[in-house]
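Work through the exercises below with the model open beside you. Try each task before you read its solution.

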Amino acid sequence: LDIGPFLDLIAQDTRVKVFHAARQDMEIFNRLIGHPPGPIFDTQIAAMALGLGDSISYDNLVRAVLKEHVDKPSQFPDWPRRPLSDKQRHYALGDVTFLRDAYLKMSAQLDSQDRMDWIRQEMMAMEDPELYDTSPENAWQRLKMRKPKKDYAAIMAAVAASREIGCMAV
């Protein structure tokens, strides 16, 4: 499967890319295209600004915003296995169209409530390449440690670096 055309589309800075809980996707695309894609719209972050909770699930977002239902059993099948079943194709199509429809509805609500600037600032922060720096020597900076002892911090930095080296090999 040649995903080159898809990656070309993701790399364009003229189209908004819509995600739900974008962080992991952004890390992947940063690695694949050499930079975080942008501009983006993260429906989970937008949901916070609309009072829908601070980490709403995709299914709950679709229910709250679109009054639709996500077919949960289809979320976790063996996606690499081909051919896809009719149920998987239906789920994948719904996944994309739900995101598009949620984006349209949520962005209109945010505009009407004068909150779109809040969201733009959050999204721009997510487009910062330093946020996705996975170089082994900087991996320790992403750890959440409370004033560790000097020796402990050095051990954690070494473990974080080795984890990144292992992830790069995968």
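Buried means under 20% relative accessible area, exposed means over 50%, and partly exposed lies in between (1.4 Å probe, protein chains only). This is a predicted model: local features need pLDDT of at least 70, side-chain atom pairs count only at pLDDT 80 or more, and totals for chains, interfaces and linings use all residues. Residues are numbered from 1 along each chain as its sequence is written, and side-chain values use heavy atoms, with hydrogens and water left out.

**Exercise 1. The outline**

Task: State how many helices and strands the protein has, and give their order.

Solution. Start with the rule. Helices (H or I, at least four residues) and strands (E, at least two) are DSSP runs, numbered from the N terminus. Next, count. The protein has seven helices and two strands. Then read from the N terminus: the order is α-β-α-β-α-α-α-α-α. Last, look at burial. Of the 170 residues, 31% count as buried.

**Exercise 2. The start of the chain**

Task: Decide whether leucine 1 is buried or exposed, and find the patch that includes Leu1.

Solution. Leucine 1 sits in the segment before helix 1 (4-11). Second, apply the cut-off. Leucine 1 has a relative accessible area of 96%, so it is exposed. Third, find the patch. Leu1, Ile3, Phe6, Ile28 and Leu32 make a nonpolar surface patch of about 560 Å². Patch residues have over 30% relative accessible area and no salt bridge; nonpolar side chains (Val, Leu, Ile, Met, Phe, Trp, Tyr) are joined within 5 Å, and like charges within 9 Å. A salt bridge is a side-chain nitrogen of Lys or Arg within 4 Å of a carboxyl oxygen of Asp or Glu.

**Exercise 3. The largest pocket**

Task: Describe the volume and lining of the largest pocket.

Solution. Begin with the idea. Rolling a probe the size of a water molecule over the atoms shows where empty space is left. On a 1 Å grid over the protein atoms alone, a pocket is an open set of points where a 1.4 Å probe fits, with protein on both sides within 12 Å along at least five of seven lines; lining residues have an atom within 4 Å of a point. Now the volume: about 1300 Å³. It is the space filled by probe spheres set on the points.

Now the lining. It has 28 residues, and Phe6, Phe19, Asp95, Val96 and Leu99 lie nearest the centre. Helix 1, strand 1 (17-19), helix 2 (23-33) and helix 5 (86-112) each supply at least two residues. Helix 5 gives the most, with eight. By type, the lining divides into 19 nonpolar, four polar and five charged residues. Here Ala, Val, Leu, Ile, Met, Phe, Trp, Tyr, Cys and Pro count as nonpolar, Asp, Glu, Lys and Arg as charged, and the others, Gly among them, as polar.

Definitions and conventions
Areas by Shrake-Rupley, 256 points an atom, 1.4 Å probe, with all protein chains shown as cover.
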